[in-house]
Amino acid sequence: MQYITIVRGRLKDADEDAARDAHNAIIDELRPQSEPLGAVGHQAYTDPQDPGAFVAVDRWSSIDGLQQFLGNPNVQQRIGSMFDGAPDVSVLAEREGWRAF
């Protein structure tokens with residue numbers, strides 16, 4: 001079964017290049033910790049009309065690994081450092097038997 005996390009928040013840095021660099025540094029730091037726990041992909045999005053509105057979608061193969069990773073206070077601090085306020089984090093599970101494309 002696959003799982004995803006959706007992280008939504010307002011980027012702290014209004015400068016798009018600085019926000020991208022901060023995001024990339026966090027990903028480079030956390031990826032080696034997340035992959036052994038079951039992280040299989042990460043994609044970042046911003047609203048073309050409001051570049052400060054950020055959404056990330058992460059794919060996971062393990063709910064236990066996902067929960068362990070997101071429950072780590074250091075991970076929470078690093079991810080949270082990108083945002084102006086706490087981001088909203090949702091965890092969703094793939095539905096078996098539902099068509100996808």
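Start by selecting Arg-78, which at 22% relative accessibility counts as partly exposed; the label covers values between buried, under 20% relative accessible area, and exposed, over 50%, with a 1.4 Å probe and protein chains only. This is a predicted model, in which local features need pLDDT of at least 70 and side-chain atom pairs count only at pLDDT 80 or more, while totals for chains, interfaces and linings use all residues. Residues are numbered from 1 along each chain as its sequence is written, and side-chain values use heavy atoms, leaving out hydrogens and water.

Arg-78 forms a salt bridge with Glu-29, with 2.8 Å between the closest N and O atoms; the term means a side-chain nitrogen of Lys or Arg within 4 Å of a carboxyl oxygen of Asp or Glu. Arg-78 lies in helix α3 and Glu-29 in helix α1, so the pair ties together parts 49 residues apart in sequence. Helices (H or I, at least four residues) and strands (E, at least two) are DSSP runs, numbered from the N terminus. Glu-29 is partly exposed, at 37%.

Next, select Asp-50 and Arg-10. Their side chains meet in a salt bridge of 2.4 Å, N to O. Asp-50 is in strand β3 and Arg-10 in strand β1, 40 residues apart.

Move to helix α2, residues 63-70. Which residues are buried there? They are Gly-65, Leu-66 and Phe-69. They cover an arc of only 100° around the axis, which puts them on the same side of α2; the arc is taken from the directions from the helix axis to the C-beta atoms. The face turned away from the buried side carries the exposed residues Asp-64 and Gln-68.

Now select Phe-69 with Trp-60. The two form a tilted aromatic pair, 5.5 Å centre to centre and 45° between the planes. Rings of Phe, Tyr and Trp (its six-membered ring) pair if their centres lie within 6.5 Å; planes under 30 degrees apart count as stacked, over 60 as edge-to-face and the rest as tilted. Trp-60 is buried at 2%, and Phe-69 at 8%. Leaving aside neighbours within four places in sequence, Phe-69 is in contact (heavy atoms within 4.5 Å) with residues including Leu-30, Val-75 and Ile-79.

Finish at His-23 in helix α1, residues 16-34. His-23 is buried, with a relative accessible area of 11%. Not counting residues up to four places away in sequence, His-23 touches His-42, Ala-44, Phe-54 and Met-82.
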